[in-house]
Structure formats: C-alpha cells, structure tokens
Amino acid sequence: MSKRDLVVIGAGPAGMAAAAKAAGLGLSVTILDEQPRPGGQIYRDVDRAARVRGDILGKDYSYGASLTAGLRHTAIDHISGAIVWAIEDGFRISYTKNGRGAQIGAVRVLLATGALERPMPLPGWTLPGVMTAGAGQILLKQSGMVARDAVLVGSGPLLYLIAAQMVRAGTPPVAMLETQTQADLIRAMRHLGGALRGWRYLLKGAGLLTEIIRARVPRYTGATGITVEGEDRAQAVTFTKGGRKQRIPCETVFLHHGVVPNTQAARSLGVTHGWDEEQSCFVPTVDDWGQCDIPGIFIAGDGAGIGGAQAAELAGRLAVLKLAEELGRLSATDRDRQALPLRAALNHELAVRPFLDAAYPPFAEASSPADSTVVCRCEEVTAGDIRGYAKLGCLGPNQAKAFGRAGMGPCQGRYCGLSVTSLLAEANGQTPDETGYYRIRPPLKPVTLGELAAMEQVDLNAAE
Ligand SMILES: Cc1cc2nc3c(=O)[nH]c(=O)nc-3n(C[C@H](O)[C@H](O)[C@H](O)COP(=O)(O)OP(=O)(O)OC[C@H]3O[C@@H](n4cnc5c(N)ncnc54)[C@H](O)[C@@H]3O)c2cc1C
C-alpha cells in the first residue's frame, strides 16, 4: 500500500475537520479512530443518536453531523474501530482492528486524540457505581441510558451540560456537589473582558443552570471533604458545606473536574511538553500551526491544550494548511490568506478559556488525596505509597514505576499520570515541570500476541 499524504489519529471535531480540509486540497487521507463511529467525545455517535435523542443532547451536539458528512469524501479512508498503539519514524502507524494488527504509512501525521477527564481520586472513588461524568454521558449518547439516583461531583461546564442532559432525559441528578468556591469566581473576574468576548458560552452556561435550577436539583457549591460511602458499592456521598457535614444517599456518583489533553501519542514520539499553569496540566509544545518539534507531526484540538470543540475544528484546518503547503499543494500566500479568518475565529473561541479555567479550578483535595486513596487503579497504588516513595528519594513518575508499578498497568498511566506528578511535586517541593511525567512507550494501548501475529507489516521503503 502506498503511503498516505496524511494520517489523522482521532475522528473528533479536530480530526474530522482536518481530514475534510486535506481531502479538499487534494491530499490522500486516512483517519483512524478507536470508536465504532465518528464524532469524538462531543459528537460521539452523532449520526445515530442525534436522530433518536437530539432533543436531550442539544443542538450543539446535532451540529456534529455536518462534520461526519465531510468524511464521505472519496479521498478519505475512515477506518473506525482502529486502536492506534504505535507511531514510528517515517511514519509507520500500527493499530488493531477486529482483533488483527495492521499498519499504514504516512507522509504527515496529525494527532487529534482529544482530551481525557482529569483524574479525581477521592475516598471511595473505586467503588462500583462511581464513574466519571463523561462515562455517564457516553452511556446516554451511545445507549440512551441514564443512571438513576446519581450525584454529580466536581466542577466545570461539562458537569452542568451533563446535569442538564439528565434533566431533559427525565432523570435529573439527586444533587450536584460543586467544588468551585466564591473566591474562585472572584479570581476569575480579572478575565471578565475575555469572558465577555465569549458571551455565547456564558449565555449557554446560564441556560444550562436555569434548566438545572428549574428542575429543583439541589446544588452545594464549595463542597469539601467529599467521600463516597458504601460497602460493596456506592451508597452515599458525604461532604462538608459551610462547616456542616452532610450525607446524600445515592446509587451512582459521577465525578468530573475538568478535562486535560490526552498526550500519550505525542509523548510516545518524544514531543516536548510543558506545564500549563492556567489549565493545570501538561500540554505539548506546538507553534500556531499545531506543528511540534518532531518534523512531520502536527497536533490539533484538545490534545494540544483545552479549547473546546469549535476551537478544535479550526485548529485542525490550520494544521492542514501548513502541511499542505509543506507538501507543495498550497502556496505560502494561499496558506496565509486562508489562515487569516481561521485565526480570528480561533482567538475568539479561546477568549473565554482563562475565565472558565479560573472559575472552575481542579479540586485541590483530588490533586492531593488522603494517603489511603488509590491513585493508580490498574496497580492499586495509593497516594500514601507515592508519598512513601518520595521519602525514599523518588523524584519523578518514571522512578515511581520501579518503586511500585504505578502507571504500568493496562492504561499505561493515562488515568494516574497527573495524580502521580502532583503528589511527587508536592512531596518533593518541586514544580510539575521539574517532576515530569511518565515516559510513554509503545504500545500505547494493550495489544495481544494474537493481534501482533496476525499483523501485516508495511514496508515504508516499498511504500514510497
Ligand atoms: C468524556 C468526555 C466527554 C465530553 N463531552 C463533551 C460534550 O458533550 N460537549 C462538549 O462541548 N465537550 C465535551 N467534551 C470536551 C470535548 O472533548 C472537546 O472539546 C472536543 O471533543 C475536542 O475535540 P477533539 O477533536 O480535540 O478530540 P475528541 O473529540 O476527544 O476526539 C478524539 C478522538 O481520538 C480518539 N483516539 C484517542 N486516542 C486514540 C488512539 N490511540 N487510537 C485511536 N483513536 C484514538 C478518541 O477515541 C476520540 O474519538 C468531552 C470530553 C470528554 C473527555
């Protein structure tokens, strides 16, 4: 098989918009995504679910169908259910589909792997019945299922969206325990100028809150000391609000305190990353075309820094303008001319972010959990274990692997990486940048020997 001009990893808004733009410029494109249908996180399963649940999921969700339609271009090969686990120089991309390994060659690669929910380790968070709010939303989008007697815990716009979607589905949450405080809102006010430029988002947020309030969902802001209680499954959440301890019985707990870039693929390639103070997470270092320090690799969307779905789309198109120019399909003048309105729209989209980041910061108790709380779920390593490693001289997450296998399970650190970094940074009096992150190596996701044995390998030289 000949090399594709562009292989996009991730069929969310960034990847879909990029693929369509690249095909429009005459490039051959393959887009790989582990999901059975395109859409990414926000537009998950949109072609099916918008028809049956569009009223619950909202018109911003249904809009995603305009992006999935763009994938029907003849120059685009969309391979769904493709779990990418290695990207090698040259570029050779390995993935698994239907239990078989496969490979594909690419001249340029766009990583559009999106975001993950920030880990929220709290006492009791590993009990059955506790999941991330995003996982609860996946059940709704993909299967039309809504958990009964659910308490939503955390902060951020997505928490309000999911609560409002549950209200519309006729199964409102029992309560919302919100971790942001009045002081956070006051701190956010210094970004009011940007927030006003992004007034559409504020208006949308106000609309969601109105739906939640009208449905009489009890809201407790500034909640602290949050613990999920239960013997063999979640039965209640306890917390303190205004000095008073309270208990809310429930069957399900949805946790969410923001999303962070999914950096595993970029890290496996050795892309430079740095700590973003405002977003409290690591982000890859990219220029304003999404190009990183590995020639030929571009990153767009939430994977390059959290900006939301509209920003992801615009960033995907910008990356394609640059790589198409590099491949001789566009002059530099045309590239810059087409980029101009995209950049203006992107700046507009991003204007509200500093306000949102300050108003809904990560929950401090989840960044520094109690000693007995498990942080690495795959290997059952607790926060106390990590602090113990620091006392023995452990300075970073990679060393922590040798001390106690944190980050060495099936998720390869995707869900504990930030927790381990913040615990070690705190214990050693260092910054997250000084502490660093796991060194990520392929396979990014688990691969079986059978899948490897069934793999047809691509010879990159023959593919030229
Ligand atoms: C669980 C969750 C739910 C969210 N829901 C909403 C919402 O309802 N509304 C909203 O405004 N924002 C939502 N967001 C935020 C939202 O993700 C983004 O703003 C937007 O979807 C980002 O678009 P993207 O193209 O960068 O990435 P995404 O939309 O996240 O798309 C990335 C795609 O890459 C795929 N991928 C990642 N790694 C691999 C791999 N190794 N192999 C193959 N495929 C891979 C993923 O499966 C995914 O389909 C959600 C975020 C999360 C984490």
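User: Where does P443 lie?

Analyst: P443 sits in the loop between α18 (432-435) and α19 (449-453). Helices here are DSSP runs of H or I with at least four residues, strands are E runs of at least two, and both are numbered from the N terminus. The model is predicted, with local features needing pLDDT of at least 70 and side-chain atom pairs pLDDT 80 or more, while totals for chains, interfaces and linings use all residues. Residue numbers start from 1 along each chain as its sequence is written.

User: What kind of peptide bond joins P442 and P443, and what joins G90 and F91?

Analyst: P442 and P443 are joined by a cis peptide bond, with omega about 0°. A cis bond with omega about 0° also links G90 and F91. F91 belongs to the loop between β4 and β5 (92-97).

User: What phi does S280 have, and where is S280 found?

Analyst: S280 is not a glycine, yet its phi is positive, about 50°. The loop that holds S280 runs between β17 (273-276) and β18 (281-284).

User: What makes α6 oblique to α9?

Analyst: The axes of α6 and α9 (residues 199-214) cross at roughly 45° and come within 9 Å. Axes are lines fitted to C-alpha atoms over the stretch in contact, and angles between N-to-C directions run from 0 to 180 degrees. Under 35 degrees is roughly parallel, over 145 roughly antiparallel, 65 to 115 roughly perpendicular, and the rest oblique. The crossing at roughly 45° therefore makes α6 oblique to α9. α6 passes α9 in a left-handed crossing, that is, the near helix is turned anticlockwise from the far one by less than a right angle (clockwise would be right-handed).

User: Which residues of α6 and α9 meet?

Analyst: P157, Y160, L161, A163, A164 and V167 of α6 meet G205, L208, L209, E211 and I212 of α9, contact being C-beta atoms, placed from the backbone, within 7 Å. By class there are nine nonpolar, one polar and one charged residues in this contact. Nonpolar covers Ala, Val, Leu, Ile, Met, Phe, Trp, Tyr, Cys and Pro, charged covers Asp, Glu, Lys and Arg, and the others, Gly among them, are polar.

User: Why is α15 called oblique to α17?

Analyst: The axes of α15 (residues 383-391) and α17 (residues 417-428) come within 9 Å and cross at roughly 45°, which makes α15 oblique to α17. α15 passes α17 in a right-handed crossing. In the contact, A383, I386, R387 and A390 of α15 meet V420, L423, L424, A427 and N428 of α17. Its residues are seven nonpolar, one polar and one charged.

User: How is the chain divided?

Analyst: The chain has domain 1 (4-116 + 260-330), domain 2 (119-257) and domain 3 (368-435), with bounds from an automatic or database domain assignment. The C-alpha centres of domain 1 and domain 2 are 29 Å apart. Domain 1 gives eight residues to their contact and domain 2 gives seven. The side of domain 1 that touches domain 2 has four nonpolar, no polar and four charged residues.

User: Why does the ligand lie between domain 1 and domain 2?

Analyst: Both domain 1 and domain 2 give residues to the shell around the ligand, so the ligand lies between them. Of the 38 residues around the ligand, G12, G40, G114, G134 and G301 come nearest; a residue counts as near if its C-beta atom, placed from the backbone, is within 6 Å. By class, the shell has 19 nonpolar, 14 polar and five charged residues. Elements that each supply at least two shell residues include α1 (13-24), β2 (29-33), α5 (133-143) and α6 (157-168).

Methods. Two residues are in contact if their C-beta atoms, placed from the backbone, lie within 7 Å.
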